[in-house]
Every structure is written in C-alpha cells, then in structure tokens.
Amino acid sequence: TRDATHDSRFNEAESVIASAMRSVMCVPLISARHIFGFIHLDTTDAVRSFTEEDLTFLANAAAEVATHLHNMRMTQEKILSERLAAIGQTITGMAHNIKNILVLSQGGIEMMERRLANRNYDAVEETWTLVRRGLDRINRLVQDMLDYSRARTVEKRRIDINAFLEELCQTYADE
C-alpha cells in the first residue's frame, strides 16, 4: 500500500496505526513450494511512498533470497544424507570389530572357567584382565559411535537482511 493511513485494509491494524506506517510492502520468500518466511518493509515517511517498481524489485530480491535459502537447505540435506550413509558404513565396521572382540572375550571367559575349575586363581586374574580390556574396547567403540551420530541442534536466529543480501550479491556477482 502507498498510504496505510488511508487504506481500509489497515483500519483495525493497531501496529500499523501505532507505528504511523505510511507505505508498506510485504513479499513472501517462496522457492520450489517451500515457504521460508517473508520480507516486510515499511516507512513512516509521508513524502516517499513505495512504488510498483520498488515492489517489483523487492519481489525479485525475495525470489533470489528464497532460491539461495532453498539451495542452502538442499546442501544441508545432502550433507546429512552423506553423513547418515557414513554412519551406516561405520556401524557395519564397528559390528565387525565388536564381533571379533566378543569372540576373543568368549575365549577368555572359557579359559577363565577352566582355570577356576582347576583352582588356578592367579591365572584367572590374568585372564580377567584380557576380558576386561576387550569389554573396555567395545565400550569405547560404542561411545565413539554415539558421539559421532548424535544429532546436531539447529539454531534459529534473526539476521541482518542487509548483510545477507550483500553476501548474496557477492556470491552471484561473477555469474
């Protein structure tokens, strides 16, 4: 709108009235059916209201921003997909390692049982050290896997749109 104070659509908009907004533009950030948000610009300047050219420019800028956000989202999804594939490969390797450690530990336990049956308690202590080492290795492998696969949290934050647009312009300046 060019003059929100005389536009009937804003008669009940307390924020528009309280802020004495004169000219307002609002365009969505949409790309490939994804809605990322919107850009809202307003001014209280009664002399300079937004024009159709301003709205066209803002709509084009919003489309570029939305495309950039969409590309960033696709890149993040690709990284996540590759990470999950790597986790799958890691789990396969870890399962193999854990199986080998368990086989060795099972052999140590059987050896311990024979030594206990023969009342060879000094040798039992030595064998228990080997079994304990295997269990510690399994524990470390599992903990490493959990640490690696732990989900990262996404931090939502406000941004400086001017800095973002400047970065976007620099990104596409050479194209």
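**View 1. Leu168 and its contacts.** Outside the four places on either side in sequence, Leu168 touches Glu64, Val65 and His68. Contact here means heavy atoms within 4.5 Å. This is a predicted model: local features need pLDDT of at least 70, side-chain atom pairs count only at pLDDT 80 or more, and totals for chains, interfaces and linings use all residues. Residues are numbered from 1 along each chain as its sequence is written, and side-chain values use heavy atoms, with hydrogens and water left out.

**View 2. The largest nonpolar core.** Leu168 also belongs to the largest nonpolar core, which has 11 residues in all. At least two residues each come from β1, α2 and α4 (161–172). Helix α2 gives the largest share, four residues. A nonpolar core is a set of buried Ala, Val, Leu, Ile, Met, Phe, Trp, Tyr and Cys residues joined through side-chain atoms within 4.5 Å. Helices (H or I, at least four residues) and strands (E, at least two) are DSSP runs, numbered from the N terminus.

View 3. Strands β1 (residues 23–31) and β2 (residues 34–43) pair in the antiparallel sense over nine bridges. Pairing requires at least two DSSP bridges between the strands. Ser23 has Thr43 of β2 as its bridge partner. Two residues separate the strands of the hairpin. In the turn, Ala32 has a positive phi of about 50°.

**View 4. Helix α2 against helix α3.** Helices α2 and α3 (residues 121–149) pack at about 170°, with axes 9 Å apart. Helix α2 is therefore roughly antiparallel to α3. The class applies to angles over 145 degrees. The axes are lines fitted to C-alpha atoms over the stretch in contact, and angles run from 0 to 180 degrees between N-to-C directions. By class, the contact holds 21 nonpolar, six polar and four charged residues. Ala, Val, Leu, Ile, Met, Phe, Trp, Tyr, Cys and Pro count as nonpolar, Asp, Glu, Lys and Arg as charged, and the others, Gly among them, as polar.

View 5. Ala117 lies in helix α2 (residues 52–117). At 61% relative accessibility, Ala117 counts as exposed. Buried means under 20% relative accessible area, exposed over 50%, and partly exposed in between (1.4 Å probe, protein chains only). Ala86 is 31 residues from Ala117 in sequence and 46 Å away in space, C-alpha to C-alpha. Arg119 sits in the loop between α2 and α3. Arg119 is exposed too, at 61% relative accessibility. Although not a glycine, Arg119 has a positive phi of about 60°.

Key
Parallel < 35°, antiparallel > 145°, perpendicular 65-115°, else oblique.
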